[in-house]
Amino acid sequence: MKIRFRITVAFVLLSWCVTNVLSQQNSNGDHVFLTSVQNQIEMRFLEAMKDQEFEPLLNIKNRIDRIDDVGSSTLNYYKSYWSSYLLYHLSLCYFRNGQLEMSERVIKEAIDILEDIENKDSEVLALLALAQTFYFQYVPRQDVFLHMHKVKENLKKSMILDKNNMRAHYVNASYDYYTPEEYGGGQRSESLLLKAVAAPNTRSSPFAPNWGKKEAYGLLIGYYIKKANKESASKYLSILKNRFPEYGMINSYSEAIEAIN
């Protein structure tokens, strides 16, 4: 009996050690994956917009879903954040491909994931507002003003929680830029974008987002092109070229600036 008991105990301990090691390996794998997930999403998004092949994006979504976040509030937070970020981009792909029902369903899922996060911080609220802004086109006419109020409140909270959050300024500016003038849009775009491009793009952790800076420059250039302000548009295009030479809109901006009389 003693020998059998010792064997049993040894087997249990061995099983625990193996499980613990594998769990640690999976955790480390999740950590490594999350440090590069934003770049992976953005690269696959650009490819999907070009060739309408969405499987690589869906594969990343499946990888995010498999993250073992049990007992880790950090992993749970970033699992939700990056899942929503991916779904936002996937919804854009479906929209571009004319699959409007899928686009609506996916962006709604992205919003629901973020709304379920407790104690939302500035980053979550900024991404939530971005997703809600794209969802506007699917909101029934009678609910437009209610939805608009939600977006504005989330943007306001995001900027209050972190006045230096570059993404909060960028999303707020984007919302203002694309809001029709009859609904009060276009009044704050420039000032918010100038704050966005000036704000530091620091990361609180290796998993944290750093998207939005090049997009802020692009939108600011677009704003000055729209206003026929050739000097300012050229100034920020020069900065964009220097900081983000890979940005896909550079040639289009250059042509538009040259066309300004």
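A residue counts as buried here under 20% relative accessible area, as exposed over 50%, and as partly exposed in between, using a 1.4 Å probe and the protein chains only. The model is a predicted one, so to speak of local features takes a pLDDT of at least 70 and side-chain atom pairs count only at pLDDT 80 or more, while totals for chains, interfaces and linings use all residues. Numbering starts from 1 along each chain as its sequence is written, and side-chain values use heavy atoms, with hydrogens and water left out.

First, the overall fold. The protein chain has 11 helices and zero strands, where helices (H or I, at least four residues) and strands (E, at least two) are DSSP runs numbered from the N terminus. Of its 261 residues, 45% count as buried. The chain exposes about 15000 Å², and carbon and sulfur atoms supply 53% of that area; the areas come from the Shrake-Rupley method with a 1.4 Å probe, and for residues only the protein chains shown count as cover. Taking a contact as heavy atoms within 4.5 Å, 62% of the contacts between residues at least 6 apart in sequence join residues at least 24 apart.

On to the salt bridges, each being a side-chain nitrogen of Lys or Arg within 4 Å of a carboxyl oxygen of Asp or Glu. The count comes to four. One of them joins E123 and R167, at 2.8 Å from N to O. E123 sits in helix α5 and R167 in helix α7 (residues 166-178), so this pair ties together parts that are 44 residues apart in sequence. Both ends are out of the way: E123 counts as buried at 15% relative accessibility, and R167 is buried with a relative accessible area of 2%.

Two other bridges stay within a helix. E47 and R44 meet at 3.1 Å, N to O, and they are three residues apart in helix α1 (residues 2-51), or about one helical turn. E47 is partly exposed at 38% relative accessible area, and R44 is partly exposed at 30%. D112 and K108 pair up at 2.8 Å, N to O, four residues apart in helix α4 (residues 100-115), which is about one turn of the helix. Here too the side chains are partly exposed, with 29% for D112 and 34% for K108.

R167 turns up again among the rings. A charge sits over a ring if NZ of Lys or CZ of Arg is within 6 Å of the ring centre and within 35 degrees of the ring normal. R167 lies over the face of W211, 5.9 Å from the ring centre, and the charged end of K226 sits over the ring of Y177, 5.1 Å from its centre. W211 in turn belongs to one aromatic cluster with Y77, Y78, Y81, W82, Y85, Y170 and F207.

Rings of Phe, Tyr and Trp (its six-membered ring) pair if their centres lie within 6.5 Å; planes under 30 degrees apart count as stacked, over 60 as edge-to-face and the rest as tilted. That rule gives 17 aromatic pairs. In one of them, the ring centres of Y88 and F134 are 6.3 Å apart and the planes stand at 85 degrees, so the pair is edge-to-face. Y88 lies in helix α3 (residues 73-96) and F134 in helix α5 (residues 122-135), so the pair ties together parts 46 residues apart in sequence. Y88 counts as buried at 13% relative accessibility, as does F134 at 14%. The rings of Y135 and Y138 have centres 6.1 Å apart and planes at 55 degrees, so that pair is tilted. Y135 and Y138 are both buried.
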